[in-house]
Amino acid sequence: MKRPHAAAALCLAGALAYPILFADPYFLHMAILIGIYALLAISINLLLGYTGQLSLGHAAFFGVGAYLSSLLYLNLGVPIWGGLILAVVGSGVLGFFVARLAFKLRGAYFVIMTIGIAEVLKLVALNWVDLTKGPMGLTDIAAPQINLGFITIDFAQKVPYYYLILLCVVLAAILQHRLVNSTLGRSFIAIRENEDLAESVGIDSFKYLVIVVIVSSSISGAAGSLYAHYVSFIDPGVFAFFISVNAVMMAIGGGQGTQAGPILGAILFTLIPEWLRVFGDARMAVYALIVIFIVIFMPKGMLYYLAQIIPGKKNDGR
Amino acid sequence: MEGLHSKQRNMVFIQYVINGLIIGGAYALIGIGLTLILGIMKVVNFAHGEMYMLGAYFLFTFFSKMGIPFLLSMVLAILAVMGIGFVFEKGILKPLRRRSIDTVMLSMIGLSLFMQNIAMLIWTPVPESIQSPLPMTTYTLGGLYFLPQRILVICAALLLVVLTHLLLKRTKVGKAMRATFQDLEAASLMGIKIDRIYSFTFVLGAGLAAASGTLLGPIFTVHPYIGNLANLKAFVIVIIGGLGSFWGAVAAGLLLGVFESLGAAYVSSGYQDAVGFILLILILIKRPTGLFGKVGQMR
Amino acid sequence: MAGELLSVKRLTVRFGGLTAVNDLDFSIFPGEIVSLIGPNGAGKTTTFNAITGFLRASAGSVQFEGGELIHLKPHQIAEKGITRTFQITSLFPGLSASENIRTGHHMQERETFWDAVLNTRRKLRVEAETMARTVEILKFIGLEGKKGAMAGSLPYGDQRILEIGVALAANPKLLLLDEPSAGLNDTETQGMKELIQKMRARSITIFLVEHDMKLVMGLSDRIVVLNFGKKIATGTPEEVKINPEVITAYLGDRKRDAKR
């Protein structure tokens, strides 16, 4: 178990030092976006990896988290700290209801259901103008300042916000790690491997599915809240299908079923569209081709293929 | 609506229902296409909506830009999309035949993303509208109003539904398709060339989606993302109607059209597109296999 | 009646127009080995499925230690102390033998979500206990040497034994075995017989469905015979062997097969 821990520690050290090495606002901006997407990818990874169910509607939780956090701030003055927690809770509650609705569904039926929920929420955000200002969106969602006496940390600045995101990503990664190595995690896998057998030894598959969905949706909700207070403006586009698809691509393309995969995927699939700017307007079309390429030729995700190339690196789902 | 007599209110209601049936007819076409592809080929075709979108755009190019006669433009648009569908089936779906359903599904999502962006490059993201050459005068029949374009929609939809049904029921190809749907192994043992059936199914499905696009294009605006919503509605129709069920897709399409129309009229027009999903969610809660479906596993 | 572990009364299972199990009555007492036999299609596995919650019973009652099992979900029935194996080999193929057994332990591992996330001392203790028990069971069934092997790649005979290990890990009071010797050769069947006897020695009550008559006669304290979903005989192996209805049921079956 030593090598992955050492690798993780190294990455963490690098991440901590990142703003010092790359102080350019553009690089920080990219890193923050990567972090937000990493949270989304981790939540997809949890759901897909441990229940085998694919959700193409996680933008629903992301959007709910974003709107909850923003509305609490704009209407009630609740700063990001409260907004973040309530976004997590709110998305978790939504996740609970989605799990109950979608539990009996399998495969593509589940996928369509998740897409449908995101679309309905988008329409609600578009039409409930009194609450959400509709297509105009919500603006001036500020990040707070913390006054510690000797210094003031202004989270409207990129560097502090970067560390905030980093903290959240690390927490999510630890959560993922703990779940994987627990009875709970093993129960999820058992359900996926053989649901009937799992039930016969006392595993309540419904309860476990609900738990996974709630954890998954809560993390996405946190991502939404962090996004809102960073870009300070949100509109119904936070429910966009593209966000859900991107998150899935990151989870799968990074390394399906691994712990580092979602983070790697977030890095890759946030940077690739940037590198594609050379193609100008054809940028997203090329991106789509790359997506197709990876889905077809690298279905197990980058990490799996990298591990084949790098000799000696263990590859068994950690 | 307050001051109307109840008879007039009834007429208005019937009008909405009729309007809904008309749009629903076009919905049925895209639904049939998807249910065939999904049921026979087991492909979760997330690019189906883009066939619809391309149908509308080709009509725009042929008719509004190149001045080709309207009906001919429709036919050409449908044929063009069928050709594209053929290329996609042979180029992408065939090589992926042995791969998992998820891989195919995600590839189709990538494909749909690709096509949306190509459409943006070719036709620009600015929404276009197709001016139907049919007269804008409304015809009245028994107190109900009909726009010629809508008459065209319902007639064309009816025609295509009947033709497709006859194709499935009477022709050799249709019987082969149905055999493949019921039992793939048995069908191939009987000597049916599965590859050809798949090709045919996909092209047919693409054609129906494109037809839907040419019919609804002049009614709604045309822009590169209309495929998204069309796709989702198609899936709603397929699930509600039951996977692989021809008449289920027809019924669900009409149902969706009517509910959308009534919802827009009596509840709120903004949530019109949500009607389908709400219906879907409600039905899936009660019957995870859809209204008419058998226990069809998609995994 | 007092002292019964399992009491099945008027159990009926219907699918569509077919009545697979019809008005079935029988009891099982603690420490017994009871076998359920009958020609193919008699409704044996259906009875198992109805008792363990995998099928909805249409009528009747199944009482375990006085509590009603009908309408309970499989995992709830497992919690009461009943586990089962399946007719078709049922394991977690992608997990190792030891991980399979560990999963069977689930109900013993009282670990909550927060235990897992916060890596509490309780979690670590529970995990240690689980590992110890897993090794113990592996030794008990004789697969200790293969504990790291992928369950899906084990030889068939070992897989059947592993299945029993998984069920054992759930610490059942009553163990239902569905055709444990199916596909096993003579040596393996003998090993299975010894394993079942070892389990009975550990105070586990055993209820099994079997086709291998030699095994049934050699193991069972009592036998229940089904035909077309109805009970046609019950008693000790000697009583059942000479029961004319039982003989007809089996002979009739053989006659039908001989005609084909």
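Reply: One term to start: two residues are in contact if their C-beta atoms, placed from the backbone, lie within 7 Å. This is a predicted model, where local features need pLDDT of at least 70, side-chain atom pairs count only at pLDDT 80 or more, and totals for chains, interfaces and linings use all residues. Residues are numbered from 1 along each chain as its sequence is written, and chains are lettered from A and ligands numbered from 1 in the order in which they are written.

Me: ok, how many residues does the contact take from chain C and from chain A?

Reply: Chain C gives 28 residues and chain A gives 20 residues.

Me: which element supplies the largest share of the side of chain C that touches chain A?

Reply: H2(C), with four residues. Helices (H or I, at least four residues) and strands (E, at least two) are DSSP runs, numbered from the N terminus.

Me: switching to chain B. How many helices and strands?

Reply: Chain B has eleven helices and two strands. In sequence order the pattern is α-α-α-α-β-β-α-α-α-α-α-α-α.

Me: and how much of chain B is buried?

Reply: Buried residues are 50% of its 299 residues. A residue is buried if 20 or more other C-beta atoms lie within 10 Å of its own, exposed if 12 or fewer, and partly exposed in between; C-beta atoms are placed from the backbone.

Me: what about H8(B), mostly covered or mostly open?

Reply: H8(B) is mostly covered, with 19 of its 23 residues buried.

Me: what size of box do the C-alpha atoms of chain B fill?

Reply: Roughly 65 × 50 × 35 Å, taken along the principal axes.
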